[in-house]
Amino acid sequence: MPDSQKIYLKDYTPPAYLVDTVHLTFKLSPKSTRVISKIRFRPNPDSDSREFFLHGEHLTLIRAAIDGQECDPAVTDKGLTAQVPDAPFTWEAEVEINPQDNTALEGLYVSNGMYCTQCEAEGFRRITYYPDRPDVMATFTVRIEGDLPVLLSNGNPTASGDGWAEWHDPWPKPSYLFALVAGDLRNHPDTFTTKSGRKVDLNIWVRPDDIDKCAFGMEALKKSMKWDEDVYGREYDLDLFNIVAVDDFNMGAMENKGLNIFNSSCVLASPETATDANFERIEAIIAHEYFHNWTGNRITCRDWFQLCLKEGLTVFRDQSFTGDMRGHGVKRINDVLQLRGRQFSEDQGPLAHPVRPDSFVEINNFYTATIYEKGAEVVGMLKRLVGDDAYGQALDLYFERHDGQAVTIEDWLKVFEDATGRDLIQFKRWYSQAGTPVLTVTDDYSDGTYTLNFKQETPPTPGQDVKQPQVLPIAVGLLGANGDEVQKTVVLEMTKAEQSFSFDGLPAKPVPSILRGFSAPVVLHRDTDNTERAFLLAHDTDAFNKWEAGRDLAKDSLLRMVTDGAAPDTGYLKALAHVLRDNTLDPAYRALLMRTPSQDDIAQTLYESGHTPDPLRIYRAAETMAQAKAQELQDLLPRLYAEMHTPAPYSPNPEPVGKRALQGAVLSLLTRLDGGDQARAQYGAADNMTQQFGALACLLDAETGAKELAVFYDQWAHDRLVIDKWFGLQVAVAAPEKAAGIADSLTKHADFDMKNPNRFRAVFGALSINAAGFHDASGASYRLLADWLIKLDPVNPQTTARMTTAFQSWRRYDEGRQALMRAELERILATENLSSDTSEMVSRILNG
Ligand code: BES
Ligand code: ZN
């Protein structure tokens, strides 16, 4: 990828012209929609440039005028330039676009007979000519003409008639928050009254068949609105809030002002069709998009390098919300599992980049785990460092100072500096340095003083060889020999490369509980033994570290199984049996304790410590471990299974969800002992998707579920979202040598449709997370995925580019697999007319 296509943060310049108002008229037609724009521009007093450039891609310009005078702009495939007055003026243009053939799903497109838009990050330029950058904020008035019953846009409805509707959004916004929807839709209505007494109409708009799947999403929306008032003091600011579900969507959901658009998988739920995990995700994502109304919309990003300003903060907010709704202990563990699984492997490989990158080719490729998840961790660390009260004051100041603006990370940090009097110069490195710090700890004890010695080191990442020490908030507690806490949690603030902290007045050497709550996104190295881990698993008062101790035991055993052919560690198995019997522990938490570290986690850890992971050996070790667990727990399993019974009717509340989680974990082990009897019984009796699908997964995993798989298909053939699960599961549980073949045959199924991102991801997302199947030594999975990425690229470059990340860890593996993966990456890169999205990703993966 030539550097000339790169955009740099350091090159930022303010826009030459600002926009006050935008009027858009849409004359909808599947293959030839006309968009008429009337835009008030004025020269930007803060810019020296008087060059008038409007972005525009895939548009046919019909006519253009400036202050009523027809004009003839110079048009390229990126946009246009024109001669304009050095004073405020009105720009008018009419363009034609083709929503029907828009399979990229950026801009205006047709999905299942309904028109919808996706403008973030740079989709608006596929709708009309415009300065399509987030620091240009304007008020939008929209007229939609089309013979569909429901015509929606941002803001409030102002007028409508037969075949037309008009909308006005009073809040200035960047073009990426523009949205339009038109279709034969039904609404699930409700209302919310804000704390200052504003009555807000709420709607979830769906296709008629889906109207019975909206209730849960609506409850989640109302809870989110209330939470943002209670916790952040933020009220909603329009009379109407609409959510729309669409089947074809590249991402999960989008926070367009007053008109959020959702991938139907992220909003529709009924007990029969959605699993507990789906319910939880829906609640979180509805909250996330709603929270953007303040962190993203009212205060937006100056440029896309500042993306973490809205995404990291909003993920942090949605994580806190879910913690408040469903329990912080379990939520934190799940978030860290996700962070380690996605972000740490990104940071370890060729795609590593800072939370605020300093260059990119395609901004679509930077909606990454680092921006989102590490971005959220950075906000969490800031909160821990300044304390909850100061965090609240800093956020109040942020909203007060920057409402209506497009701002930067500097503005964000300045607010914290001004609110707390702290200097955040060093903390800012979290935004500029890529890579996961490795924190090594040793300890010593003498004369009543216990000392912890820390050393931090961040490995080199592409383009960044040398790293400076970062500010690490390290939450620590100390336990006495009898398991009592002798030192409650304190936050040590590490700022140097090496630093020690002492605790006085301790009659004996304590056992440390370090990095409680996973207080910083680092890899912790501590030379410790399994006795101490078992002790912490039994006694730690910190939910995260108690779980972590169990996970460390499991990991240590698995690593020895893989590297030395050791047998599963009986100490671990006994300790696990012990905690599982502890009925005072929340079932959801016990379910997490039962989970074995993922095969990818083992591979990542081996690679970090200088080994070459063998995916097949790791797979076999995981199987052996599961079998050993089943044996060790055989008396407990049937009893636990029965105890976790949840009465009908189904409820997605935390308590029954936790019970089903533990019951599901138990069932997967039981299936190894009873040949699938219990799972078959559960499959037959299930009145909800969690238990139906959980049982099916167990049966398929034990290769005894062919009949149920067929029955499942027949039962759910009419439901796209359930059939996505049917596609995904078969690939996810496939044995290593069968995965590619199964995925291949599924692509030949009549219901496979590569144009639908959910369906494509169901098959190939599952293939890439079936570690041993994806890395089967034949290279069949590599080849199959590359074949399909090459096919998908001209159809949907954004989704293709995201899926290339399946190859991001290619350098971890042995020479044979590396050569096979490199060959496939090179084949993709050599494809004619490859999109710049995909070509940027593949080049970075190959060269980073
Ligand atoms: N603003 C994004 C959606 C988006 C990202 C649209 C990139 C276009 C390009 C939205 O707020 C978001 O972050 N959605 C996430 C889910 C969320 C819960 C983290 C998504 O879509 O995956
Ligand atoms: Zn977001």
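User: A crossing is left-handed if the near helix is turned anticlockwise from the far one by less than a right angle, and right-handed if clockwise; which way does α26 pass α27?
Analyst: In this predicted model, the crossing of α26 past α27 is left-handed.

User: And what's the angle between α26 and α27, and how far apart are their axes?
Analyst: Helix α26, which covers residues 815-829, packs against helix α27, residues 836-847, at an angle of about 150°, and their axes lie 10 Å apart. Since angles over 145 degrees count as roughly antiparallel, α26 is roughly antiparallel to α27.

User: Which residues make that contact?
Analyst: From α26 the contact takes Arg822, Leu825, Glu826, Ile828 and Leu829, while α27 contributes Thr838, Ser839, Val842, Ser843, Ile845 and Leu846. Sorted by class, the contact of α26 with α27 holds 6 nonpolar, 3 polar and 2 charged residues.

User: Switching to the other end, how do the axes of α1 and α2 cross?
Analyst: The axes of helix α1 (residues 215-232) and helix α2 (residues 276-291) cross at roughly 45° and come within 9 Å, and that angle makes α1 oblique to α2. The crossing of α1 past α2 is right-handed.

User: What meets what in α1 and α2?
Analyst: On the α1 side there are Phe216, Gly217, Ala220, Leu221, Lys223, Ser224, Met225, Trp227 and Asp228, and these meet Phe279, Ile282, Glu283, Ile286, Ala287, Tyr290 and Phe291 in α2. By class, this contact of α1 with α2 comprises 11 nonpolar, 2 polar and 3 charged residues.

User: What about α16 and α17, at what angle do they pack?
Analyst: Helix α16 (residues 654-674) and helix α17 (residues 677-685) pack at about 130°, with 7 Å between their axes, and α16 is therefore oblique to α17. Their contact involves Gln663, Leu667, Leu670, Thr671 and Asp674 of α16 together with Asp677, Gln678, Ala679 and Gln682 of α17, which by class gives 3 nonpolar, 4 polar and 2 charged residues.

User: Zooming out, how many helices and strands does the protein chain have?
Analyst: The protein chain has 27 helices and 31 strands. Its radius of gyration is 27 Å, close to the 29 Å that the globule rule gives for 848 residues, so the chain is as compact as a globular protein of that length. The C-alpha trace spans about 85 × 65 × 60 Å along its principal axes.

User: What share of the residues count as buried?
Analyst: Of the 848 residues of the protein chain, 60% count as buried. As for contacts between residues at least 6 apart in sequence, 69% join residues at least 24 apart.

How values were computed
Residues are numbered from 1 along each chain as its sequence is written. Chains are lettered from A and ligands numbered from 1 in the order in which they are written. This is a predicted model: local features need pLDDT of at least 70, side-chain atom pairs count only at pLDDT 80 or more; totals for chains, interfaces and linings use all residues. Side-chain values use heavy atoms; hydrogens and water are left out. Axes are lines fitted to C-alpha atoms, for helices over the stretch in contact, and angles run from 0 to 180 degrees between N-to-C directions. Helices (H or I, at least four residues) and strands (E, at least two) are DSSP runs, numbered from the N terminus. Angles under 35 degrees count as roughly parallel, over 145 as roughly antiparallel, 65 to 115 as roughly perpendicular and the rest as oblique. A crossing is left-handed if the near helix is turned anticlockwise from the far one by less than a right angle, and right-handed if clockwise. Contact means heavy atoms within 4.5 Å. Ala, Val, Leu, Ile, Met, Phe, Trp, Tyr, Cys and Pro count as nonpolar, Asp, Glu, Lys and Arg as charged, and the others, Gly among them, as polar. The radius of gyration is taken over C-alpha atoms; the globule rule is 2.2 Å times the number of residues to the power 0.38. Buried means under 20% relative accessible area, exposed over 50%, partly exposed in between (1.4 Å probe, protein chains only).
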